[in-house]
Amino acid sequence: MKAKLDAIIQHDQAEYLDKLLPASDGLLAEMESYAAEHRVPIADREVALFIEITARAIKAQRALECGMAIGYSVIHLLRGMGSDGRVVTIDPSEEMIAAAEGYYSRAGLRDQVDIHKGYALEVIPQLTETFDLLFIDAVKEEYRGYLDLALPKLRVGGVVICDNLLWGGQVAGVIRSDDQKASTEALREFNQYFVTNPQLRAQVVAVGDGLGYGVKIN
Ligand SMILES: C[S@@+](CC[C@H](N)C(=O)[O-])C[C@H]1O[C@@H](n2cnc3c(N)ncnc32)[C@H](O)[C@@H]1O
């Protein structure tokens with residue numbers, strides 16, 4: 001979720017691009033309102049759409065997500081994957097899981113989601129499948145750990161997407177408060193690690209709050 005509309009790009013462009021986005025349908029609009037009201041940090045709409053488009057473009061059948069919240073990004077992924085698609089997603093919060101399950105059921109997608117209640121660093125090593133797409137969106141200080149654990153489970157040609165890599169502008173600018181220091185510094189290190197990872201061809205793009213976007217090349 002964006003810190004503010006123009007945290008990453010100039011205000012006029014941010015406003016223009018925001019207006020250009022297709023309208024969210026009923027369920028997604030409801031999820032956006034729920035997230036705003038309950039301060040749940042879901043992906044920006046353009047990020048969610050971006051991952052849906054990517055899932056569709058690469059014909060993803062299996063996706064792994066670290067950090068599910070209420071399932072906003074999962075619903076986008078599944079819409080891009082079609083009826084054979086399945087998402088394995090991880091979140092430690094009972095409250096988030098209960099809310100997400102309700103939305104999945106209403107979307108008719110409950111059977112296509114495997115929810116693991118727990119911490120991504122502990123759950124990923126237990127997974128035995130191969131994935132086409134990996135979406136990283138949980139604890140910022142742990143991104144490198146998620147990537148290291150999940151990359152061996154991503155097929156060559158599979159795509160990795162990581163949210164919040166510009167962290168409200170702080171990664172390339174001033175850290176706004178002491179409680180943002182550890183996460184910002186971790187993301188600065190992670191971005192270097194991500195774009196130079198020999199198993200990836202990757203970059204960071206100014207979509208939403210900054211998106212890492214990479215394809216596994218070996
Ligand atoms: C930014 S939100 C995820 C938003 C979601 N991907 C979306 O766009 O709809 C981050 C989520 O990560 C979860 N989380 C916190 N610690 C975690 C961990 N160690 N492993 C996995 N998820 C974690 C939080 O409970 C929270 O729901």
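Here are a few notes on this predicted model, point by point.

1. Ground rules: residues are counted from 1 along each chain as its sequence is written. Local features need pLDDT of at least 70 and side-chain atom pairs count only at pLDDT 80 or more, while totals for chains, interfaces and linings use all residues.

2. Start with the ligand, which has 19 residues around it, and Ala43, Gly67, Ala69, Tyr72 and Ser73 come nearest (near: C-beta atom, placed from the backbone, within 6 Å of the molecule or strand). Helix 4 (72-81) and strand 2 (86-91) are the elements that give two or more residues to this shell (both are DSSP runs numbered from the N terminus: helices H or I of at least four residues, strands E of at least two).

3. A core here is a set of buried Ala, Val, Leu, Ile, Met, Phe, Trp, Tyr and Cys residues joined through C-beta atoms within 7 Å; buried means 20 or more other C-beta atoms, placed from the backbone, within 10 Å, exposed 12 or fewer, and partly exposed in between.

4. Asparagine 164 has a positive phi near 70°, and tryptophan 167 has one of about 50°. Most residues other than glycine have a negative phi. Asparagine 164 counts as buried because it has 26 C-beta neighbours inside 10 Å; tryptophan 167 is buried too, with 25.
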